Amino acid sequence: SWGETLLTPTKIYVKSALAACAAADVHGIAHITGGGLYDNVPRILPDDVSVVFRTDVLPIPPVFKVLVEKGHVDPVEAYRVFNMGVGMVWFVPEKAVDQALEIARGKGFTVGVIGEVVPGHRDVRIH
């Protein structure tokens, strides 16, 4: 039900994040809370990079789709205000991706590569 969906507690990421930091080459972690991808991710970026997230692989739960549609929420605003199904973002070099994914899956999380770091000015782009 909608009530159960909206009242489901947030997942606790600390064990998987600590395991990834210990075993993989994690360069940064962003917890996607209020402020969404646009506000949380830039806080950990160096000045000379940006992040491009791909909407074709971002997991958007039905509750967010309905909120955006029924509330007439602009998609950019939705990614700024809501987490849109992304609870945490790990930044790892390409050679460490498989190991990081394996660690997170082993802790029971649904994971995937949803974007990349590119040259830029500490901003987030969602395409």
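1. Buried residues, meaning those under 20% relative accessible area, as against exposed ones over 50% and partly exposed ones in between (1.4 Å probe, protein chains only), make up 37% of the 127 residues in the protein chain. The model is a predicted one, in which local features need pLDDT of at least 70 and side-chain atom pairs count only at pLDDT 80 or more, while totals for chains, interfaces and linings use all residues. Residues are numbered from 1 along each chain as its sequence is written, and side-chain values use heavy atoms, with hydrogens and water left out.

2. The secondary structure of the protein chain consists of six helices and five strands, where helices (H or I, at least four residues) and strands (E, at least two) are DSSP runs numbered from the N terminus. Read from the N terminus on, the order of these elements is α-α-β-α-β-α-α-β-α-β-β. The radius of gyration of the protein chain is 15 Å, close to the 14 Å that the globule rule gives for 127 residues, so the chain is as compact as a globular protein of that length; the radius is taken over C-alpha atoms, and the rule is 2.2 Å times the number of residues to the power 0.38. Along the principal axes, the C-alpha atoms of the protein chain fill a box of roughly 40 × 35 × 20 Å.

3. Contact here means heavy atoms within 4.5 Å, and among contacts in the protein chain between residues at least 6 apart in sequence, 77% join residues at least 24 apart. The accessible surface of the protein chain comes to about 7,900 Å², with 58% of it belonging to carbon and sulfur atoms; such areas come from the Shrake-Rupley method with a 1.4 Å probe, and for residues only the protein chains shown count as cover.

4. On charge, the mean positions of the 12 positive and 14 negative charges of the protein chain are 5 Å apart. In this count Lys and Arg are positive and Asp and Glu negative, with His and the chain ends not counted, and the place of a charge is NZ of Lys, CZ of Arg, CG of Asp or CD of Glu.

5. Rings of Phe, Tyr and Trp (its six-membered ring) pair if their centres lie within 6.5 Å, and planes under 30 degrees apart count as stacked, over 60 as edge-to-face and the rest as tilted; by this rule the count comes to two aromatic pairs. The rings of Tyr13 and Phe109 have their centres 5.1 Å apart and their planes at 25°, so this pair is stacked. Tyr13 lies in the loop between helix H1 (2–7) and helix H2 (14–23), and Phe109 in the loop between helix H6 (97–106) and strand S4 (115–119), so the pair ties together parts that are 96 residues apart in sequence. Both Tyr13 and Phe109 are buried.

6. In the pair of Phe64 and Phe82, the ring centres are 5.7 Å apart and the planes are at 40°, so the pair is tilted. Phe64 lies in helix H4 (residues 62–70) and Phe82 in the loop between helix H5 (75–81) and strand S3 (88–91), so the pair ties together parts that are 18 residues apart in sequence. Phe64 counts as buried at 15% relative accessibility, whereas Phe82 is partly exposed, with a relative accessible area of 24%.

7. Two backbone angles deserve a look, given that most residues other than glycine have a negative phi. Met84, in the loop between H5 and S3, has a positive phi near 55° and is buried, with a relative accessible area of 4%. Arg122, placed in the loop between S4 and strand S5 (124–126), has a positive phi of about 60° although it is not a glycine, and at 34% relative accessibility Arg122 counts as partly exposed.

8. His121 also lies in the loop between S4 and S5, and at 70% relative accessibility His121 counts as exposed. His121 and Pro46 are 75 residues apart in sequence and 8.2 Å apart in space, C-alpha to C-alpha. Leaving aside neighbours within four places in sequence, His121 is in contact with Asp47, Val49 and Ser50.

9. Thr55, in the loop between strand S2 (49–53) and H4, is partly exposed, with a relative accessible area of 37%. The C-alpha atoms of Thr55 and His127 are separated by 5.6 Å, although these residues are 72 residues apart along the chain. Not counting residues up to four places away in sequence, Thr55 touches Tyr79, Ile126 and His127.
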